[in-house]
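Here's a quick tour of a few local features worth a look. Have the sequence and the fold side by side as you read.

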Amino acid sequence: MCNLYSVKVGQKHIADTAGAVRDRAGNMPPLPAIFPNRRAPIVRNTPEGRELTMALWGFPPPNIPGSKPKNPYLTNVRKTDSKFWLPYLTKVEQRCIVPVTSFAEPDNNQGPRSIWTWFAQGESRPLMFFAGIWREWQGDRGTKANPLPGKHLVFSFLTTDASPDVAPIHPDATPVLLLDEKARETWMGAPWKVAGELQKPPPAGALRVVLRDTKEDMA
């Protein structure tokens with residue numbers, strides 16, 4: 001499960017790469033550490049074309065009477081056959097691509113303390129994208145100190161089996177990465193039967209460890 005990533009490229013580069021015709025992300029600074037429930041950029045389909053905008057990371061969990069959700073924010077989508085996720089996965093208008101330059105997974109192999117380990121395509125942190133979904137949601141987000149009531153855009157992204165590069169550090173899962181234009185276009189426009197085939201690990205050699213033992217990618 002990926003619960004920490006970074007975006008350290010300019011928004012024009014993101015918009016140009018993703019084919020966004022509108023930029024509504026405001027003045028976006030570099031984001032060396034994005035945690036759940038934080039605002040982050042996404043590129044989504046709209047009737048007027050693709051749009052770069054900001055959204056909060058994490059869908060609200062389903063409201064099941066008599067039970068308390070284990071996680072306050074559903075940041076990752078693994079079970080794509082779930083009735084909870086399918087309404088968003090099957091509609092191209094609810095899909096998005098999530099820009100990322102590196103992501104972190106905990107290394108629990110070095111003793112009692114988890115060591116955050118950052119993965120990227122290379123030391124220069126080339127831009128890549130997670131395969132995501134988004135929705136509108138009305139309610140309270142933020143923190144007790146800084147509550148954010150009202151209507152929000154929220155997003156989550158897909159995970160899959162651990163890739164050969166990530167498995168030695170984190171054998172549970174890897175985000176679904178869209179590493180080229182063909183993959184991005186398939187995710188943003190193809191029927192679910194085709195787009196769903198993208199839920200697979202990136203090939204060996206696609207990722208490398210670029211940083212360790214920090215919760216921010218400040219390199």
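## The open sheet

Two strands count as paired if DSSP finds at least two bridges between them. Keep in mind that this is a predicted model. With that rule, 5 strands make up an open sheet, running in the order β3-β1-β8-β9-β16, and the pairing is antiparallel. At the edges sit β3 and β16 (208-212), each of which pairs on one side only. Going from one strand to the next, the twist averages 30 degrees.

Which residue of β9 is the bridge partner of Phe103? That would be Phe119.

Most residues other than glycine have a negative phi. You'll find Asn37 in the loop between β3 (31-34) and β4 (39-44). Is Asn37 buried or exposed? Its relative accessible area is 12%, so Asn37 is buried, given that the cut-off for buried is under 20%.

Arg125 is another non-glycine residue with a positive phi, this one near 60 degrees. Arg125 counts as buried because its relative accessibility is 6%.

Next, have a look at Ser156, in strand β13 (residues 151-160). Ser156 has a relative accessible area of 0%, so this serine is buried.

What lies 3.2 Å from a polar atom of the Ser156 side chain? It's the backbone oxygen of Leu74.

## The second largest pocket

Rolling a probe the size of a water molecule over the atoms shows where empty space is left. In this model, the second largest pocket holds about 150 Å³ of space. Its lining includes Leu177, Leu178, Leu179 and Ala183, along with Leu198 and Lys200. Pro201, Pro202 and Pro203 complete the list of lining residues.

How many residues of each class are in that lining? There are 8 nonpolar residues, no polar ones and 1 charged residue.

How values were computed:
Residues are numbered from 1 along each chain as its sequence is written. This is a predicted model: local features need pLDDT of at least 70, side-chain atom pairs count only at pLDDT 80 or more; totals for chains, interfaces and linings use all residues. Side-chain values use heavy atoms; hydrogens and water are left out. Helices (H or I, at least four residues) and strands (E, at least two) are DSSP runs, numbered from the N terminus. Buried means under 20% relative accessible area, exposed over 50%, partly exposed in between (1.4 Å probe, protein chains only). Axes are lines fitted to C-alpha atoms, for helices over the stretch in contact, and angles run from 0 to 180 degrees between N-to-C directions. On a 1 Å grid over the protein atoms alone, a cavity is a set of points where a 1.4 Å probe fits but cannot get out, and a pocket is an open set with protein on both sides within 12 Å along at least five of seven lines; lining residues have an atom within 4 Å of a point. Grid points are joined across faces, edges and corners, and a volume is the space filled by probe spheres set on the points. Ala, Val, Leu, Ile, Met, Phe, Trp, Tyr, Cys and Pro count as nonpolar, Asp, Glu, Lys and Arg as charged, and the others, Gly among them, as polar. A polar contact is a pair of N or O atoms within 3.5 Å; within protein, one must be able to donate a hydrogen and the other to accept it, and residues adjacent in sequence count only if both atoms are side-chain atoms.
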